[in-house]
Amino acid sequence: MKMTKGQCLCGAVTVQVPEACVHDVSVCHCNMCRQWGGGPLLAVECKHDVVLHGEENVTHYRSSEWAERTFCRICGTHLYYLLLETQTYELSAGIFPDDRKRLVSQIYIESKPDFYDFAQQTPMLTEQDILDQFNSNS
């Protein structure tokens, strides 16, 4: 399996994941993601084979009952949003090289403010759509 590497702004934290994980970018427009990063979260999903180096520089923040957000304690780069039950990583798309990425979905679309839009046409899911999917997988 071919791996790819990403890193925070200062290089204190590196993340290695299967290359196949980093091509499909999803957007979350929820209020918490926008407050966390000043805009929507653009993330790539990896469920397995996530290897962190420099973990002593990672700060974890439990933002809800089901997830935590992490960032580099040195430079502040947002690293990932982790769904605790499934150990699914939503890694910041910006920490990986920009080659061959495509926008594939948007969630919490009802929370998106009017001051920005994405040109690409993607599936757009509401908070209720996400909750329904989560509950059907439980």
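Q: What does the protein chain average in pLDDT?
A: This is a predicted model. The protein chain averages a pLDDT of 94. Of the residues, 99% score at least 70.

Q: Where is confidence lowest, and where is it highest?
A: It is lowest in helix H2, residues 127–137, with a mean of 83. Strand E6, residues 58–62, is highest at 98.

Q: On to packing. Which residues touch the most other members in the largest nonpolar core?
A: Val13, Val15, Val17, Val44, Tyr80, Leu91 and Phe96 do. That core has 23 residues.

Q: Which elements give two or more residues to this core?
A: Strands E2 (14–18), E3 (24–28), E4 (41–46), E8 (78–83) and E9 (88–92).

Q: And which one gives the largest share?
A: E8, with 3 residues.

Q: Take Val15. What does it touch, leaving out residues up to four places away in sequence?
A: Val15 touches Thr4, Lys5, Gly6, Val50, Val51, Leu52, Leu91, Ile95 and Phe96. Among these contacts, Leu91 and Phe96 are also on the list of residues touching the most other core members.

Q: How many residues are in the second, separate core?
A: That one has 9 residues, including Cys30, Leu41, Ala67 and Tyr81.

Q: New topic: Ser92. Where does it lie?
A: Ser92 lies in strand E9.

Q: Is Ser92 buried or exposed?
A: Ser92 is buried, because its relative accessibility is 14% and the cut-off for buried is under 20%.

Q: What does Ser92 touch, again leaving out residues up to four places away in sequence?
A: Its contacts are Leu42, His78, Leu79 and Tyr80.

Conventions
Residues numbered from 1 in each chain as written. Predicted model: local features only at pLDDT ≥ 70, side-chain atom pairs only at ≥ 80, totals over all residues. Heavy atoms only, no water. Core = buried A, V, L, I, M, F, W, Y, C linked by side-chain atoms within 4.5 Å. Buried < 20%, exposed > 50% of the residue type's maximum accessible area, 1.4 Å probe, protein only. Helix = DSSP H or I, 4+ residues; strand = E, 2+ residues; numbered from the N terminus. Contact = heavy atoms within 4.5 Å. pLDDT = per-residue confidence, 0-100.
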